[in-house]
Amino acid sequence: MKAILYNHYGAADVLYAGEVNKPVPQNNEILIKVHFSTVTTGDVNIRGFVFVPKGFKFIARLMFGYNKPKKQILGVEFSGIVEAAGGSVKHFKPGDKVFGIDGSGMGAYADYKCFNEDSAVLIIPQNLSLEEAAAIPFGGLTAYFFLKEKADIKPGQKALIIGASGGVGTAAIQVAKYYGAEVTGVCSTGNLDLVRSIGADKTIDYTREDYGKSSTTYDIILDTTGTVTYPGVKNILSKNGKLLLVAAGLPQFLLMFRSSLFGGPKVIAGGGASNEKKEYLEALKKMAEEGKYKPVIDKQFDFDKTADAHAYVDTGRKRGNVVIRINI
Ligand SMILES: NC(=O)c1ccc[n+]([C@@H]2O[C@H](COP(=O)([O-])OP(=O)(O)OC[C@H]3O[C@@H](n4cnc5c(N)ncnc54)[C@H](OP(=O)(O)O)[C@@H]3O)[C@@H](O)[C@H]2O)c1
């Protein structure tokens with residue numbers, strides 16, 4: 001089968017098209033013909049450590065292969081059609097349209113992928129296309145993990161989403177709105193309309209205004225950009241507020257440790273593979289089926305242009321999600 005491969009870390013042009021053996025499902029696995037995948041910041045981080053904060057590249061190399069990648073096929077999220085199911089599979093059958101995420105196994109930049117049926121994989125929401133479904137898990141699960149699982153966001157709370165136009169930000173706006181928060185999105189001038197269109201009650205253009213000087217105080221501040229400092233937001237975070245740091249390096253983890261020792265507003269950093277729970281994906285699927293969650297798709301690229309798609313995501317300027325068309 002065809003796959004997009006890489007043998008060493010580096011810029012987007014390390015990716016190349018090649019042939020590998022078609023996988024065979026184990027007893028508890030489904031074999032999925034992959035129709036769509038995406039280029040997430042997770043994929044570009046694993047390929048070239050593009051957005052990995054200082055101090056974490058060493059750990060990332062230990063996880064993914066110190067000298068060269070342990071796994072040659074990227075692609076963390078996917079949608080497609082079940083082609084075969086192992087003997088003990090109970091919840092899926094050939095012909096089912098599915099979507100899911102496999103942040104540690106990856107492997108969706110290929111014609112086929114096998115995946116354990118108990119992992120974060122579900123039948124696609126009826127009202128979404130396969131390409132939309134492929135773009136749900138990465139941003140959606142991250143937003144859900146921080147806002148719902150960690151911050152227990154509640155109706156009427158005020159939430160500030162910094163980096164509102166990105167993959168995680170566009171998901172966070174919709175998840176926060178779903179749970180009844182009043183949401184302000186921080187983005188640049190060109191993305192104000194997009195951020196309003198997905199439900200933000202208010203917007204702040206970071207190129208013209210310093211959100212840290214806002215007269216509003218927020219119960220939740222979620223930052224996806226890694227640019228927020230505690231002094232920069234302490235005047236706009238309510239006394240028992242929560243500061244959610246999605247793009248966290250060493251300073252952010254130290255801040256979290258400090259807040260756990262001294263009290264005051266709670267700082268939460270972390271995430272990663274702990275986001276990838278089937279029950280969280282079910283919550284997002286329900287939101288989508290109720291018409292309250294729709295992934296934003298910025299651009300789509302053909303399978304043989306995956307390296308171009310990676311180069312685009314490397315810029316850090318994507319709006320929502322970038323989809324790869326694999327078998328359509
Ligand atoms: N902890 C976890 O589990 C976890 C999970 C997923 C992602 N992450 C990390 O979270 C970060 C964001 O991921 P993502 O997928 O959302 O990234 P992304 O989609 O690449 O984000 C790009 C967006 O960020 C906006 N942006 C850039 N600088 C900004 C600023 N200073 N203020 C406001 N908006 C800004 C850009 O808009 P403009 O062009 O208008 O500036 C662009 O629309 C990455 O570092 C990623 O590694 C962590």
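What we have is a predicted model, in which local features need pLDDT of at least 70 and side-chain atom pairs count only at pLDDT 80 or more, while totals for chains, interfaces and linings use all residues. Residues are numbered from 1 along each chain as its sequence is written, and side-chain values use heavy atoms, with hydrogens and water left out.

Let me start with S79, which lies in strand β4, residues 77–85; strands here are DSSP runs of E with at least two residues, helices are runs of H or I with at least four, and both are numbered from the N terminus. S79 counts as buried because its relative accessibility is 0%, where buried means under 20% relative accessible area with a 1.4 Å probe, protein chains only. A polar atom of the S79 side chain lies 2.7 Å from the backbone oxygen of L130. Leaving aside residues up to four places away in sequence, S79 touches, among others, H35, F99 and L130, contact meaning heavy atoms within 4.5 Å.

Turning to helix α4, residues 137–150, we find a bend of about 30° at Y144, taken as the angle between axes fitted to the seven residues ending there and the seven starting there. Of the 14 residues of α4, 10 are buried, so the helix is largely enclosed by the rest of the structure, and Y144 is one of those buried residues. Just after α4, D152 takes a positive phi of about 45°.

Finally, F49, in the loop between α1 and α2, has a positive phi of about 55° although it is not a glycine. M106, in the loop between β5 and β6, also has a positive phi of about 55° without being a glycine.

Notes
Buried means under 20% relative accessible area, exposed over 50%, partly exposed in between (1.4 Å probe, protein chains only). A polar contact is a pair of N or O atoms within 3.5 Å; within protein, one must be able to donate a hydrogen and the other to accept it, and residues adjacent in sequence count only if both atoms are side-chain atoms.
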